[in-house]
Amino acid sequence: MLWIKTLHIVFITSWFAGLFYLPRIFVNLADVKDVATTERLLMMARKLYRFTTILMIPALVLGLVLWMYYRIGMGPGNGWMHAKLLFVILAIGYHHACGSMLKKFERGVNKRGHVFYRWFNEVPVVLLLVIVALVIVKPF
């Protein structure tokens with residue numbers, strides 16, 4: 001079980017590293033006017049989104065193994081797990097929102113400026129903070 005936990009934490013950390021960096025690329029894409037730079041940033045964003053998606057899958061599968069097989073967070077007094085799952089679902093939604101935004105940049109129809117993406121970039125920080133706090137503190 002400890003190896004499953006270890007791998008889960010490594011994949012979660014790697015997934016979130018991508019979620020931290022992808023919106024930073026969006027900040028630059030929203031601000032840049034040069035075609036060559038735009039193409040380079042789009043290539044970086046595409047590769048990062050694909051790699052981040054690949055990292056998300058084992059992170060979620062390993063989390064499900066810990067929950068369903070090892071029963072971590074099961075039973076009475078584990079309300080923290082329900083709250084954590086809610087924030088994990090929000091993180092998955094954020095991941096897919098990044099994919100949707102990337103498609104808009106690729107089609108050249110992005111309407112948002114760099115300031116929006118600077119704020120959007122803070123969302124995964126809050127999500128990760130809440131998820132980790134729920135696991136460590138287990139407030140309910």
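The following paragraphs go through a predicted model of a protein, from its overall build to single residues.

Residues are numbered from 1 along each chain as its sequence is written, and side-chain values use heavy atoms, with hydrogens and water left out. Because the model is predicted, local features need pLDDT of at least 70 and side-chain atom pairs count only at pLDDT 80 or more, while totals for chains, interfaces and linings use all residues.

The overall build comes first. The secondary structure consists of five helices and zero strands, and along the sequence the pattern reads α-α-α-α-α. Helices here are DSSP runs of H or I with at least four residues, strands are runs of E with at least two, and both are numbered from the N terminus. Taken along the principal axes, the C-alpha atoms fill a box of roughly 55 × 25 × 20 Å. The protein has 140 residues, and 35% of them count as buried. A residue is called buried when its relative accessible area is under 20%, exposed when it is over 50%, and partly exposed in between, using a 1.4 Å probe and protein chains only. Contacts (heavy atoms within 4.5 Å) can also be sorted by distance along the sequence. Of the contacts with a separation of 6 or more, 78% are between residues 24 or more positions apart.

The largest nonpolar core has 29 residues, and W15, F16, F26 and Y117 have the most contacts inside it. Such a core is a set of buried Ala, Val, Leu, Ile, Met, Phe, Trp, Tyr and Cys residues joined through side-chain atoms within 4.5 Å. At least two residues of this core come from each of α1 (2-31), α2 (35-69), α3, α4 (114-120) and α5 (123-137). The most come from α1, which gives 10 residues.

Two of the helices can be followed as a pair. The axes of α1 and α3 lie 11 Å apart and the helices pack at an angle of about 35°. Axes are lines fitted to C-alpha atoms, for helices over the stretch in contact, and angles run from 0 to 180 degrees between N-to-C directions. The crossing of α1 and α3 is left-handed, a term for a near helix turned anticlockwise from the far one by less than a right angle; clockwise would be right-handed. On the α1 side the residues that meet α3 include H8, W15, F16 and L19, and on the α3 side those that meet α1 include K84, A91, Y94 and F105.

K84 deserves a separate look. K84 is found in helix α3, which covers residues 79-107. What does K84 touch, not counting residues up to four places away in sequence? The residues are H8, I131, L134 and V135. K84 is buried yet has no salt bridge, and the nearest side chain of opposite charge, E122, is 22 Å away. Lys and Arg count as positive and Asp and Glu as negative, with His and the chain ends not counted. A salt bridge needs a side-chain nitrogen of Lys or Arg within 4 Å of a carboxyl oxygen of Asp or Glu.

V88 also belongs to helix α3. V88 counts as buried because its relative accessibility is 16%. With residues up to four places away set aside, V88 touches L60 and I131. V88 and L60 are 28 residues apart in sequence, and their C-alpha atoms are 8.8 Å apart in space.

L127 sits in helix α5 and is buried, because its relative accessibility is 8%. Beyond residues up to four places away in sequence, L127 touches F16, F87, L90, A91 and Y94. N121 is found in the loop between α4 and α5. Is N121 buried or exposed? N121 is buried, because its relative accessible area is 10%.

Last come two residues with a particular backbone angle. Most residues other than glycine have a negative phi. R71, in the loop between α2 and α3, is not a glycine and has a positive phi near 65°. R71 counts as exposed, because its relative accessibility is 52%. K138 lies in the segment after α5, and its phi is positive at about 45° although K138 is not a glycine. K138 is partly exposed, because its relative accessible area is 44%.
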